[in-house]
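Here is my note on the model, point by point. Please read it with the coordinates open.

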Amino acid sequence: MVFTTDGTPLQGLTGGFEDARRVDFIIPVEDRKKGSLDIVIETSCNDLFGISGIGPPRSDRYFQLNSADLVVPNEEAWRLGWDFQTLRELVYELPGNSILQNKALAVANKIMNTFDVRDSDRTIKECRKIAEEIFGAGWEAKKDGVYKEGLAPGKRPQLWGVGDCHIDTAWLWPYSVTQQKAARSWSTQIDLMDRYPEHRFATSSAQQFKWVEQLYPKLFERIKAKVKSGQFELVGGSWVENDCNMPSGEALARQMIFGQRYFQSKFGVRSTVAWLPDSFGLSGGLPQIIRGAGMHNFFTQKLSWNLVNVFPHSTFNWVGIDGTQVLCHMTPVDTYNAQATVGDVRRGIWNHKNLESGDTALLPFGNGDGGGGPLNRMLESLRRIRAVANENHEIPVVTVGVTVEDFYQDIHESTNEGSDLPVWHGELYLEGHRGTYTSHGSIKKGNRHSEILLRDVEYLSTLASIYGKSFLYPKKRIDDCWEKVLLNQFHDVLPGSAIGMVYEDAEVLYAEVAKEGKALINEAIGSLFSGSYSLQNAPSSGRLLAFNTICMPRKEVVPVSLEGSAKQSFRKEMVQVSQDGKIEIPVDIHSDTAYFECAFGHVSRPTNKNTTQEAAKFEVCGHKYGDLSEFGYGVAILSESKYGYSVAGKVFRLSLLRAATMPDAEQDQGRHAFSWAVLPHAGHFFQSDVVKAAYAFNSPLHLRVVSDQKALGFAPVPTPKPLFTVEEAPNVILDTIKRGDDDNFSNSANDKSIILRLYEAYGGHARGKLRIASHLKISKAVITNLLEEELEVAELIRREADDDTLISLDFRGFQVITVKLYLSSEKPTNDAVHSDNWIDVGGASI
């Protein structure tokens, strides 16, 4: 990368001789006049894709700088080269014996016969004049004005070209290298914007922007200026381009919440287009989350990699499991790294799956990862292709100078707000990249445990900030933990498809989250019960309490860690661990459908292979449970860290281990510890408590020892009265309790709010009541979107029998509802902590 001497990145450089080669740095005019230039060039030991291709990096491979020359290029010769390349592409890409194809061939041959290396200056000009027989007279002088011609009134371009640079946040390189890639790529694009006024560049991933902000602050200011001018477009609205199969519903929501809030705070804008071109399949719960985060359009591409079935649509309405839909475009160009060639432009039309209803395509062009995004030759190519289309109707009309948002707005306007488009219901399953639900088991475990841990941290910290003594809600510390978890959910990290050194970094992040999360829980509980102790620091006698962080009653055996003084008082128990690589359970159940938890709900999948689509789903993703049921009876498998399930007839399987050798040759070597359970149940899945059992299985109770009940004011509560309860709707889950994102966390001010996120878990309607215990005084309640923006005011109903507050909530199947409670300035009553969330395990001596 080229820097000024004060550390401002100017442009990236890419060596080698492949398509991504970018070795020219144009000396600014003022420095040419001055006669001197001081720059710093940083070099890195990288190929475009890591160091050793799709595999672990080789420590014995070295790179060197072979030359650094000061040159004066023959610009007309370069332009003739671009002319000839476009003519060549027309010859090879257009149908044989078409008028334009024949003419392009004739013009190309004429140029070859005219050019004379012994008289290059004169013949280059002649050759360029000959090329105008295809491009049109005087086309080049129009520059970006070429895109303003050639369309009859009321006609629209067919291809919308937007620069793109898909930078994998980690894959064949660690996170630290991506920080450099982002700076190199984005500084290069700013340079191109200054040289080509029509150039628009779209990119995603708030995490990468934060890295640039921290490491390259002067570049970040240049990016902000280009965002303001409309040339640098923020898409995606997510923290990273995350995996969409394994993260929980709340984690997927946080991806969008953190991304959108970062973009809003730093650039004053939010994304309107969700952008996940490379994720390995997409959960049916995603459309509702996208909409809830303020976006109504979606771009993806990976399903063009299907190994069995060709996905039937290019532009369509994607309807999620709850009925929410987003307008989805899957570019028929079949890549998010297009080279802006004639072939790319033609493919955008002839490969389009539903031209009858949506006749445009997005052309995301540019070299991804280490390639730095679009090259100037790509912008030159598109100008020439448009010039050809202005003169001849045998090639689709491409336009540049538009944004991704412009493209989707055009689709909405031309398809009657999408009502003319085909519809796809449910998940977008990728028939490829197998084994990603199981590979790198410790990372899967770190993800699940971190999600659960942060849910508990937020709940306990919320209680402590309301009832605890001088406790300030640790918003920044919690957000820092979330950012680490969200980073590790990148679509090449969580699925296990990266090199080994990526997982060394990921394990460190999970360890930091675990350490900080436990510390935050201890601080919150310590504020609520100042006389309580952890088991490690417990006194010789006392009462053992367990805190239940799921909003449903539970009764179970409590596992106790035998540490400290507790070692002397509790008996050790033996636990049986399976040694098999896969659980395979034969069940006497006949059903065509099995059920697997996904983000904010479940997805039903066939157990047979009647069609190629069904046969391709030989392993599927599930979160905390999978279930196979028939009338009157069913069996569920519960898991605390595994995601790969399969059902073949009457055989139910859970994948435990997968040790691939590429790109990480040492993947999953070593000792593994994990838990799973078989849960037989009466009644069909829809009549069972499988969802609640899976929550409990994944949510360990937090144990404390109380030495002085009187000092605590604690007394076992014979009739449970938790802080929040969902009544009259057993199919509704209260999943998240936290403080409002826009609260003031710098002091213990009274302007506090609580966020509750609930969802319907079985796919049916529900009319329930959210009960708020009387000791919590509420001044106002509103329904919000995921960004906590008010949608409607909720009515507060006081129940005279117990003085509790009720809020009536109506759910459709799998609907997510976010409730924001504004707390009254009236101080909560002192008995507020006397909740059945504290379980008195017993008074045995410790």
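1. Asp668 sits in the loop between strand 23 and strand 24. The model is predicted, and in it the phi of Asp668 is near 60°. That is a positive value in a residue other than glycine. Is Asp668 buried or exposed? Its relative accessibility is 13%, so Asp668 counts as buried, the cut-off being under 20%.

2. Pro663 is also worth a look. It lies in the loop between strand 23 (651–655) and strand 24 (676–682). The peptide bond joining Met662 and Pro663 is cis. Its omega is about 5°.

3. Ser205 has a positive phi too, near 75°. Again, the residue is other than glycine. Ser205 belongs to the loop between strand 5 (201–203) and helix 6 (206–215). With 2% relative accessibility, Ser205 counts as buried.

4. Next, His329. Its place is in strand 10, residues 325–330. The relative accessible area of His329 is 0%, so this residue is buried. Which partners does the side chain of His329 have? One is the side chain of Thr315, in a polar contact of 2.8 Å. Another is the backbone nitrogen of Leu362, which the side chain of His329 reaches at 3.1 Å. Neighbours within four places in sequence aside, the residues in contact with His329 include Phe298, Phe299, Thr300, Phe407 and Tyr408. Ser314, Thr360 and Ala361 are also among them.

5. Helix 2 (residues 75–93) packs with helix 3 (residues 99–114). The angle is about 145°, and the axes are 8 Å apart. The crossing is left-handed. Helix 2 contributes Leu80, Phe84, Leu87, Leu90 and Val91 to the contact. From helix 3 come Leu100, Gln101, Ala104, Leu105, Val107, Ala108, Ile111 and Met112. How many charged residues does the contact of helix 2 with helix 3 have? None: by class there are 12 nonpolar residues, one polar and no charged.

6. Three strands make an open sheet, in the order 2-1-3, with antiparallel pairing. Why is one side of strand 2 and of strand 3 left without a neighbour in the sheet? Strand 2 (9–11) and strand 3 (39–41) stand at the edges, and each has a single partner strand, so one side of each stays without a neighbour there. The twist averages 35° from one strand to the next. Strand 1 (residues 2–4) pairs with strand 2 over two bridges, in the antiparallel sense. Within this pair, Val2 stands opposite Gln11 of strand 2.

7. A further open sheet has four strands, in the order 26-29-33-32. Its pairing is antiparallel. Strand 26 (724–727) and strand 32 (797–798) are the edge strands, each pairing on one side only. Strand 29 (residues 766–772) and strand 33 (residues 805–811) run antiparallel and are joined by seven bridges. Lys769 has Ser808 of strand 33 as its bridge partner.

8. Last, strand 15 (residues 543–547). This strand is mostly covered, with four of its five residues buried. Its antiparallel pairing with strand 25 (residues 702–706) runs over five bridges. Leu545 stands opposite Arg704 of strand 25.

Methods. Residues are numbered from 1 along each chain as its sequence is written. This is a predicted model: local features need pLDDT of at least 70, side-chain atom pairs count only at pLDDT 80 or more; totals for chains, interfaces and linings use all residues. Side-chain values use heavy atoms; hydrogens and water are left out. Two strands pair if DSSP finds at least two bridges between them. Axes are lines fitted to C-alpha atoms, for helices over the stretch in contact, and angles run from 0 to 180 degrees between N-to-C directions. Buried means under 20% relative accessible area, exposed over 50%, partly exposed in between (1.4 Å probe, protein chains only). A polar contact is a pair of N or O atoms within 3.5 Å; within protein, one must be able to donate a hydrogen and the other to accept it, and residues adjacent in sequence count only if both atoms are side-chain atoms. Contact means heavy atoms within 4.5 Å. A crossing is left-handed if the near helix is turned anticlockwise from the far one by less than a right angle, and right-handed if clockwise. Ala, Val, Leu, Ile, Met, Phe, Trp, Tyr, Cys and Pro count as nonpolar, Asp, Glu, Lys and Arg as charged, and the others, Gly among them, as polar.
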